[in-house]
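Subject: Handing over the structure

Hi,

Here is the structure I promised to pass on to you. Have a look at it first, and then read on for what turned up in it.

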Amino acid sequence: MTNPIINIISNSNFESRKTTKRLIQKLKQHQFMPTTNLSPNAELTITVGGDGAFIKAVNRTNFSSTPIVGINTGHLGFYQEISPEQLDAFIDDYKNKNYHIEALPILNGEVYTNQKKYSIQAINEVVLKAQNSKVIHMNVFVDRNHLEKFSGDGMLVATPSGSSGYNLSLGGSMIHPQVEAMVLTPMAGISSQSYRSLKTSLVIPGEHVISLVPERRYANSNLILVDGREHSYSQLKRINIRFSNKRIQKLVVENNYWENIKSKFL
């Protein structure tokens with residue numbers, strides 16, 4: 001019987017590299033086979049860094065169904081819940097199956113242009129803006145029902161786990177991870193006779209589809225942020241955003257959501 005494989009993805013700062021070295025040594029002592037080469041046969045992926053490292057790891061593994069857990073060497077660490085001082089306790093808990101799996105929703109975006117349809121995925125958020133920090137005008141639909149004619153910096157759609165990031169900084173509502181809902185948050189919306197924009201975020205059940213339709217002048221001057229990564233499309237017509245059928249399998253050893261909120265945001 002071969003030793004279980006565990007993937008390790010780390011950012012490049014000093015504390016993360018030091019923690020990764022210790023982690024590899026300890027995993028080998030417990031008869032695991034740690035690798036930094038992203039084996040498809042791994043039974044677990046461990047990320048070392050801040051929340052950015054977790055999000056990058058999810059994207060690098062192509063939103064794999066392999067359970068993933070984070071060791072926090074960053075600042076906030078909302079995804080990364082294990083401290084470097086807890087490595088021994090974490091390995092013991094993992095070996096003894098003292099954990100549970102939390103299924104995190106993923107946003108699936110269908111990007112339509114005049115010529116083609118593209119697919120994007122995000123664990124945190126999808127944002128539609130104009131290039132060069134210009135005001136963007138768009139129509140917003142929910143299940144083909146016209147909601148508003150929006151004018152402002154942009155529009156953000158976030159998952160429950162992503163609602164505590166960019167969305168929160170915009171004044172958007174935080175959503176408990178057990179609530180199957182997306183949050184639609186305007187970015188510096190303008191209210192005038194032509195554009196009557198909502199001034200607050202809107203929580204929308206996960207089975208609905210949010211459509212963002214920019215005016216034609218933004219067909220070639222758009223900026224789409226997918227978990228912070230920038231994309232631009234020629235002849236953009238619309239983006240349809242909904243929950244994917246896939247889920248991120250986040251391994252949780254000891255999690256108190258309310259304590260996390262209190263300690264990290266208050």
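Predicted model: local features only at pLDDT ≥ 70, side-chain atom pairs only at ≥ 80, totals over all residues.

F78 is found in the loop between β4 and α3, and with a relative accessibility of 12% it counts as buried, because the cut-off for that is under 20%. For a sense of distance, take F78 and N13: they are 65 residues apart along the chain, and their C-alpha atoms are separated by 19 Å.

Now the whole chain. It comes to 5 helices and 16 strands. Along the principal axes, the C-alpha atoms fill a box of roughly 65 × 40 × 35 Å. The radius of gyration is 20 Å, which agrees with the value near 18 Å that a compact globule of 266 residues would have. Buried residues make up 50% of those 266. Contacts also reach across the sequence: of those between residues at least 6 apart, 70% join residues at least 24 apart.

Next, a pair of helices. Helix α1 covers residues 14–29 and helix α3 covers residues 87–95; the two pack at an angle of about 40 degrees, with their axes 11 Å apart. That angle makes α1 oblique to α3. Their crossing is right-handed. On the α1 side, the contact is made by T19, R22, L23, K26 and L27, while α3 brings L87, D88 and I91. Sorted by class, the residues in this contact are 4 nonpolar, 1 polar and 3 charged.

Helix α2, residues 51–60, is worth a look too. Its buried residues are D51, A53, F54, I55, A57 and V58. What do the buried residues of α2 pack against? The answer is a set of strands: β1 (5–10), β3 (44–49), β4 (68–72) and β16 (236–252). After α2 comes N62, which has a positive phi near 55 degrees.

Is G50 buried or exposed? At 14% relative accessibility, G50 counts as buried. Leaving out residues up to four places away in sequence, G50 touches N11, N72, G74 and Q80. G50 and F265 are 215 residues apart in sequence, yet C-alpha to C-alpha they are 16 Å apart in space.

Then there is backbone geometry. Most residues other than glycine have a negative phi. Against that background, here are two to look up. R144 is not a glycine, and its phi is positive, near 70 degrees. You'll find R144 in the loop between β8 (136–142) and β9 (145–152), where its relative accessibility of 81% makes it count as exposed. Q235 is not a glycine either and has a positive phi of about 55 degrees. Q235 sits in the loop between β15 (229–231) and β16, and at 34% relative accessibility Q235 counts as partly exposed.

Last stop, V253. Where does V253 lie? Look in the loop between β16 and α5 (257–265). V253 has a relative accessible area of 22%, so it is partly exposed. Not counting residues up to four places away in sequence, V253 touches F90, D93, N98 and Y99. V253 and Y218 are 35 residues apart in sequence, while their C-alpha atoms are 46 Å apart in space.

Cheers

Definitions and conventions
Residues numbered from 1 in each chain as written. Heavy atoms only, no water. Axes fitted to C-alpha atoms, helices over the stretch in contact; angles between N-to-C directions. Helix = DSSP H or I, 4+ residues; strand = E, 2+ residues; numbered from the N terminus. Parallel < 35°, antiparallel > 145°, perpendicular 65-115°, else oblique. Left-handed = near helix turned anticlockwise from the far one by under 90°. Contact = heavy atoms within 4.5 Å. Nonpolar A, V, L, I, M, F, W, Y, C, P; charged D, E, K, R; others polar. Rg over C-alpha atoms; globule rule 2.2 N^0.38 Å. Buried < 20%, exposed > 50% of the residue type's maximum accessible area, 1.4 Å probe, protein only.
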